[in-house]
Structure formats: structure tokens, C-alpha cells
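Student: I have a structure open and would like to go through it piece by piece. Can you take questions as they come?

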Amino acid sequence: MRVAWLLALPAVLSVTSAAVLDRRNADFYSVRTKMHQDLSGRLGDPKEKYFRIRLTLGTDESVFHPHYDGRFASEQLAYLERKQALSNLIQTYLATFADIGVETWLMHGTLLGWWWNRKVLPWDSDSDVQVSEESMKYLASFYNMTIFHYKTPRIPEGRDYMLEINPHYINREQTDNLNVIDARWIDTASGLFIDITTARYNYTHPAGKGILSCKDGHEYRDTYVFPLRDTFFEGVPAKIPYAYKEILEAEYQSKALVQTEFEGHKFDQEKSEWIPVLKKTKPYVPLQVARPGLAPINQQSATGASETLDTKPSTQQTSKSAEAVAIDATTVTKNEQMEQTIKALQQRNVQRSQTGES
Ligand SMILES: *[C@@H]1O[C@H](CO)[C@@H](O)[C@H](O)[C@H]1NC(C)=O
Ligand SMILES: *[C@@H]1O[C@H](CO)[C@@H](O)[C@H](O)[C@H]1NC(C)=O
């Protein structure tokens, strides 16, 4: 059922196994790695939607998240794990497509991630790529349900990735909004996947010849997409549309190409990384607690006594402890005073804004 796959990217991924490519039609249950309670009879998607949830309830691919394939996973990955899994996903996808000679290019959020630092946006949970209509036909004819096994320095234990083609890919019209995704590259360990859509020439477009349409409604003039540009993404060779900047601006507005704060992340120019912004927490105020039996440090140095955890406190130590409690009490009073002042100021501001004062 598996195809051991050769990676020709020595700099990034090491070659661990090579075998002839053997096309297989893996059936659904043989590729499922994690059992999930089958509740499809209760709610269920319309049967007409191919990439629907097939094992879980709800209207999307899995009960827990629409960007995980419920056949292979039952829980979301943590932030860093997901970032890593998405990186592995696109690396193996790009390497596979380069090897089988199918041209593919980055689009949507994945292209935006490329714009910033040639990496997947850390807040994304999927990736988007496109292929031509001829390529999709070729994939459907020869590679549907093919499993590619990868061993890389990052995944020494190996991992299976599956290419699945939606049988509705043959419908080139925008008539079936349940089947706008033509294919998927699926990480069978995590359930994360890449959506592969087809850019088809639109022979009836009012703007005339040369318009590419996608089933999700996106339209591009072909001279914006072709000739594709060669680049790198997540460290592996990749292709992007010729007029990538215009395409990004059209989809996300020019602000998205310069704004360095987004989705709880801040772009660190030096590191060239999106760094999660930590939520502000109250500054830590250590509370001085008198510990019976433990002499305060100044007391020790004065008497030359070593630090002991004597359970029986000396009179001196007790008096010191009392002092510490006293300091504590003042701190509390000060804090209370501060709080009262802040409250008073806040009230005044409220009154001011109500009376129109500035
Ligand atoms: C791919 O294989 C699956 C499983 O056998 C099947 O349901 C689907 O229709 C196939 N897709 C195409 C394009 O033939
Ligand atoms: C061609 O473009 C028109 C106008 O946008 C659209 O309504 C139609 O669905 C498109 N055809 C295809 C095959 O995508």
C-alpha cells in the first residue's frame, strides 16, 4: 500500500529510501490510521460533498477542526507541533510534485507566508496550492490515493502522506460549491492537509481570453500567474505566480504586505520570523513572608551564624520576622492607596468624558 519515495533534496531532506513508484489505489479503511467514532449517520454532510467529514458529525471535515482530516486524527496539534507539521507537509508536497513532474504554485495564505519570510504563517492551519487543469487530470489518472512514505532528518521514524483526488474534479464549472477543492495532500499522522485547487481557463469569461477561474470563484489573468517564478519555500524549491505582489494585494489588500502585527503575532525583522505576542500579565510582586526559624540574611551576616532551618525560632529571629510582616503591611497599604488613587482618576475621567471635558 505504500510507496517509498525518493527525495532529491540532499540539502534539506536526506534520502533514506528509494523505490520504484508503484501506483496503488489504497482503499479508505486501509489508510485510516486512527479510529474515530463514526457518527456520520446523525448529522452528516451532504453525500455530494467529497471532502466532507466521513467519520464524524458536524458540517466539516472533522469534529474538532475543519483543517484536520477526521480519518487520521482526533485532536488538534499544539502551536509548535502544528508549525512543524505544516512545514513538513509543504516540503514533502513540493518535493513530490517536483519529482513526478507536476507544476504547482503557492497561493492565498501560503503565498502571503512566502512574501514575509518564505515560510508558512504560524497562525495558519492549512496551506493552499494550485495546479493547471492538465495537471489535475494527470494526478487523477495516475496518483489518486497514492501514499508517499517520507523519512527525513526531522521525521526519522518516517511518515505517510496521501494524495487524494476529488472525483468531481472533472466538473470544470462553478456549479458545485460543495466540491471546490479538487485534491488534497494529507499528513496521515496529524490529519493536517494541503488544499489543491485547479486554475482552469475560462472560455466564456466576459473579459475575453486568458482568464483563469477557480471553482472557489477566484479569477486571474494568466499573465499574472505565468510564467511562474522559481523560489524557495520552507527551504525547498517552490514556484509562485509571476505577479505575486499584485495577486496578494488583490486578495489581502496592500496593508497585509507591510503590517507587522497580525493574528496575535509580531514580525521580527531581524529574525525574519512571526513571533507570538504574549498576553500582558500583572508584574510579579514578591510577597515577603516571615519564615519562622530562618534568620534574615542581614541578621546572619551580623552574627556570623550559618543559615539553618531551626524549627525553634530565637527571640531575635522572631522580632526580625515581625519586622518583615510590618514591611509587608506597609506594602499592602501602599498598594491600597495606589489602587484608590487609580480608581479616583478613572472616575474623574468617566465624569470628564460624560461632561464633554477633555
Ligand atoms: C480516488 O479514490 C477514492 C477512493 O478509492 C475514490 O473515492 C475517488 O473517487 C477517486 N478519485 C478519482 C478522481 O477517481
Ligand atoms: C467564467 O467566468 C464567469 C464570470 O466570472 C463565471 O460565471 C463562470 O463560472 C466562469 N466559468 C468557469 C468555467 O469557471
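Predicted model: local features only at pLDDT ≥ 70, side-chain atom pairs only at ≥ 80, totals over all residues.

Student: How many of the residues of S5 are buried, then?

Tutor: Seven of its seven, over residues 159-165.

Student: Which way does strand S4 run against S5, parallel or antiparallel?

Tutor: Antiparallel, with five bridges joining S4 (residues 146-150) to S5. Within that pairing, Thr-146 stands opposite Leu-163.

Student: And what about S6?

Tutor: Strand S6 (residues 183-187) also pairs with S5 over five bridges, in the antiparallel sense. Leu-163 has Trp-185 as its bridge partner in S6.

Student: Trp-185, noted. Which residues have the most contacts inside the largest nonpolar core?

Tutor: Trp-185 is one of them; the others are Ile-90, Leu-94, Leu-106, Leu-111 and Ile-194. That core has 50 residues. Its largest share, seven residues, comes from helix H2 (residues 79-100).

Student: Take Ile-90. What is it in contact with, leaving aside neighbours within four places in sequence?

Tutor: Ile-90 is in contact with Val-120, Ser-127, Ile-194, Phe-233 and Glu-234. Ile-194 is also on the list of core residues with the most contacts.

Student: Phe-233 and Glu-234, where do those sit?

Tutor: Strand S10 covers residues 229-233 and strand S11 covers 236-240, and five bridges join the two in an antiparallel arrangement. Phe-233 stands opposite Val-236 in S11. The hairpin has two residues between the strands, and Glu-234 takes a positive phi near 50° there.

Student: Why is S11 described as largely enclosed by the rest of the structure?

Tutor: Because four of its five residues are buried.

Student: Switching to helix H3. Which of its residues are buried?

Tutor: In H3 (residues 108-117) they are His-108, Thr-110, Leu-111, Leu-112, Gly-113 and Trp-114. What covers them includes strands S2 (105-106), S3 (127-132), S10 and S11, along with helix H6 (244-252).

Student: Is Arg-118 buried, exposed or partly exposed?

Tutor: Partly exposed, because 16 other C-beta atoms lie within 10 Å. Setting aside neighbours within four places in sequence, Arg-118 is in contact with Phe-232 and Phe-233. The C-alpha atoms of Arg-118 and Ser-272 are separated by 9.4 Å, while the two residues are 154 apart along the chain.

Student: And Ser-272, where is that?

Tutor: In the loop between strand S13 (265-268) and strand S14 (273-276). Ser-272 has a positive phi of about 55° and is not a glycine. It counts as exposed because it has 11 C-beta neighbours inside 10 Å.

Student: Moving on to prolines. Which residues does a cis peptide bond join?

Tutor: Phe-226 and Pro-227, with omega about -5°. Pro-227 is in the loop between helix H5 (222-225) and S10.

Student: And Pro-46, buried or exposed?

Tutor: Exposed, because Pro-46 has 8 C-beta neighbours inside 10 Å. Pro-46 is in the loop between helix H1 (28-31) and H2. From Pro-46 to Leu-178 is 132 residues in sequence and 8.5 Å in space, C-alpha to C-alpha.

Student: Last one, ligand 2. Which residues are around it?

Tutor: Arg-172, Glu-173, Gln-174, Arg-200, Asn-202, Thr-204, His-205, Ser-213 and Glu-219.

Student: How does that shell split by class?

Tutor: Five polar, four charged and no nonpolar residues.

Notes: Residues numbered from 1 in each chain as written. Chains lettered and ligands numbered in written order. Near = placed C-beta within 6 Å. Nonpolar A, V, L, I, M, F, W, Y, C, P; charged D, E, K, R; others polar. Buried ≥ 20, exposed ≤ 12 C-beta atoms within 10 Å, placed from the backbone. Contact = placed C-beta atoms within 7 Å. Core = buried A, V, L, I, M, F, W, Y, C linked by C-beta atoms within 7 Å. Pairing = 2+ DSSP bridges.
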